[in-house]
Amino acid sequence: MRRTGTTRRGALTATGALALGAVLTGCGGDDEDAGGKKHARATAKAEKALREKAVRDGALLLARYDLVAEAHPATAAGLEPLRAAVAEHGKALAPPRAKDEPEKGAPKGDDAPPAPAGPVSADPKAAVGELAAAERRRADGYGEALLTAGPELARLLASVAAAAAAHAYLLTELAEETAV
C-alpha cells in the first residue's frame with residue numbers, strides 16, 4: 001500500500017500555521033484608537049506596580065537571607081549563592097527607568113527595603129527551612145502574577161518563579177544537612 005502525501009509532521013505543521021494565523025488575525029490594530037491607548041497605559045501601569053511589588057518582596061527576602069546568615073554563620077556559605085541570585089532577580093524585575101528620570105542615588109524613604117517580619121529561629125535547621133518556605137511562597141506568587149502580566153514580563157516572572165522553586169528545594173536540602 002502506498003503512503004499518502006499527508007504525514008503526521010505535515011498535519012501538525014499545517015495545524016500550527018492555521019492556529020498562528022488565527023491568533024495574528026485576532027491581534028488586529030485597534031491600538032491606535034483612544035481605547036487602545038487607554039488599555040496600553042493601564043497595562044503599563046499594572047506592569048510597573050507588579051514589578052515594584054516583586055522588587056519589594058525580593059528586598060524583604062534578601063534581608064531575611066542576611067538575618068539567617070548573621071544568626072547562623074555555619075549556613076552563610078550555603079546561602080550566599082542563593083542570596084546573590086535573589087539580588088540579581090531584583091535587578092531584572094526592577095521597572096525600567098523613564099528617559100527623563102534621574103539616576104537613582106541613595107534610597108529614599110519609599111525605596112528602603114522593608115524590615116523582615118519576626119526574629120530568626122534559634123535553630124539553624126528551622127531558620128533555613130523558613131527561608132525555603134519563603135522561596136516557595138515567592139515562586140507561587142510569581143506563578144499567580146503570570147496571569148496578569150504582559151508577555152515579556154510573564155517570561156521573566158516564569159524564570160524567576162522557577163529559580164525560586166529551585167532555591168526552595170536547595171534550601172530544604174541545606175536544612176536537612178544543617179546540624180542542630
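1. Histidine 72 is located in the loop that joins helix 2 and helix 3. Helices here are DSSP runs of H or I with at least four residues, strands are runs of E with at least two, and both are numbered from the N terminus. The model is a predicted one, in which local features need pLDDT of at least 70 and side-chain atom pairs count only at pLDDT 80 or more, while totals for chains, interfaces and linings use all residues. Residue numbers start from 1 along each chain as its sequence is written, and side-chain values rest on heavy atoms, with hydrogens and water left out.

2. The chain contains 5 helices and 0 strands, in the order α-α-α-α-α from the N terminus on. Of its 180 residues, 24% are buried; buried stands for under 20% relative accessible area, exposed for over 50% and partly exposed for values in between, with a 1.4 Å probe and protein chains only. Counting contacts (heavy atoms within 4.5 Å) between residues at least 6 apart in sequence, 79% join residues at least 24 apart.

3. Is histidine 72 buried or exposed? Its relative accessible area is 9%, so histidine 72 is buried. Beyond its neighbours within four places in sequence, histidine 72 is in contact with Val120, Ser121, Ala122, Asp123, Pro124 and Ala127. Histidine 72 and lysine 125 are 53 residues apart in sequence, with 9.5 Å between their C-alpha atoms.

4. Serine 121 belongs to the loop between helix 3 (76–93) and helix 4 (124–145). Serine 121 counts as buried because its relative accessibility is 18%. Leaving out residues up to four places away in sequence, serine 121 touches His72, Ala126, Ala127 and Glu130. The C-alpha atoms of serine 121 and histidine 72 are separated by 9.5 Å, although the two residues are 49 apart along the chain.

5. Which atoms of serine 121 and histidine 72 lie 2.8 Å apart? They are the backbone oxygen of serine 121 and a polar atom of the histidine 72 side chain. On the side-chain end of serine 121, a polar atom lies 3.3 Å from the backbone nitrogen of aspartate 123. A polar contact here is a pair of N or O atoms within 3.5 Å; within protein, one atom must be able to donate a hydrogen and the other to accept it, and residues adjacent in sequence count only if both atoms are side-chain atoms.

6. Threonine 75 is another residue of the loop between helix 2 and helix 3. With 2% relative accessibility, threonine 75 counts as buried. Residues up to four places away in sequence aside, threonine 75 touches Val68, Ala69, Pro124, Val128 and Thr178.

7. The largest nonpolar core has 15 residues, and those with the most contacts inside it are Leu61, Tyr65, Val68, Leu79, Val128, Leu131 and Leu171. Helix 2 (34–71), helix 3, helix 4 and helix 5 (151–177) each give two or more residues to this core, and helix 4 gives the most, with 5 residues. A nonpolar core is a set of buried Ala, Val, Leu, Ile, Met, Phe, Trp, Tyr and Cys residues joined through side-chain atoms within 4.5 Å. Leucine 61 touches Val86, Leu131, Ala134, Glu135 and Arg138, residues up to four places away in sequence not counted. A second, separate core of 10 residues includes Ala54, Ala145, Ala149 and Val160.

8. The axes of helix 3 and helix 5 come within 11 Å and cross at roughly 165°. Axes are lines fitted to C-alpha atoms, for helices over the stretch in contact, and angles between N-to-C directions run from 0 to 180 degrees. Helix 3 and helix 5 are therefore roughly antiparallel; under 35 degrees counts as roughly parallel, over 145 as roughly antiparallel, 65 to 115 as roughly perpendicular and the rest as oblique. The contact involves residues including Leu79, Leu82 and Val86 of helix 3 and Leu156, Val160 and Leu171 of helix 5.

9. The axes of helix 3 and helix 4 come within 13 Å and cross at roughly 25°, which means that helix 3 is roughly parallel to helix 4. Leu79, Val86, His89 and Leu93 in helix 3 meet Leu131, Glu135, Arg138 and Tyr142 in helix 4.
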